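User: Could you take a close look at one part of this model and walk me through its surroundings in a connected way?

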Amino acid sequence: MNPIVRSGAAARAGALLILLGPLVSWVAEFITAAAWQDPPYSPLYNWVSHLGLTGPPQTAFGQVANSPLGAVMDAGWVIYGTLLIIGAFLVFDPRKGTRPIIMILAVLAGVGVSLERTVLRVPSQPTR
């Protein structure tokens, strides 16, 4: 039976990228949350999705969202998804019998994380 995981520098780099992805998104979240002052962001009250809302203040489900660094939050999640996909291709070797479902799930997870921040948004309406 052939190993489906690469060995060597490529595998170590891929594993590092897979681990760095969530760290990048967390740093982006902390930076964005710290910049949100009016009204102050509270992780116990506000949704994390509000951190990515850009533009004028918006109200979603009774919560005012006004993220001055929404692009930082969005970029953090897009980078996370990209690192996940690249890391998976560096760790797993499709030529040596990696089941296609592993690579399909890795790509879907990476694309899903990226799309969640760039396309899918919390329904909102202009603040009155």
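**A buried serine and its surroundings**

Analyst: Ser-67 counts as buried, at 3% relative accessibility, where buried means under 20% relative accessible area with a 1.4 Å probe and protein chains only. This is a predicted model, in which local features need pLDDT of at least 70, side-chain atom pairs count only at pLDDT 80 or more, and totals for chains, interfaces and linings use all residues. Residues are numbered from 1 along each chain as its sequence is written, and side-chain values use heavy atoms, with hydrogens and water left out.

Ser-67 sits in the loop between β2 (63–65) and α2 (70–91); helices (H or I, at least four residues) and strands (E, at least two) are DSSP runs, numbered from the N terminus. Leaving aside neighbours within four places in sequence, Ser-67 is in contact (heavy atoms within 4.5 Å) with Thr-32, Trp-36, His-50, Leu-51, Gly-52, Leu-53 and Thr-54. A polar atom of the Ser-67 side chain also lies 3.4 Å from the backbone nitrogen of Gly-70.

Among the residues that Ser-67 contacts are Trp-36, Leu-51 and Leu-53, and these belong, together with Ala-33, Tyr-41, Ala-65 and Met-73, to the largest nonpolar core, 7 residues in all. Such a core is a set of buried Ala, Val, Leu, Ile, Met, Phe, Trp, Tyr and Cys residues joined through side-chain atoms within 4.5 Å.

Notes:
Buried < 20%, exposed > 50% of the residue type's maximum accessible area, 1.4 Å probe, protein only. Polar contact = N/O pair within 3.5 Å; in protein donor to acceptor, adjacent residues only side chain to side chain.
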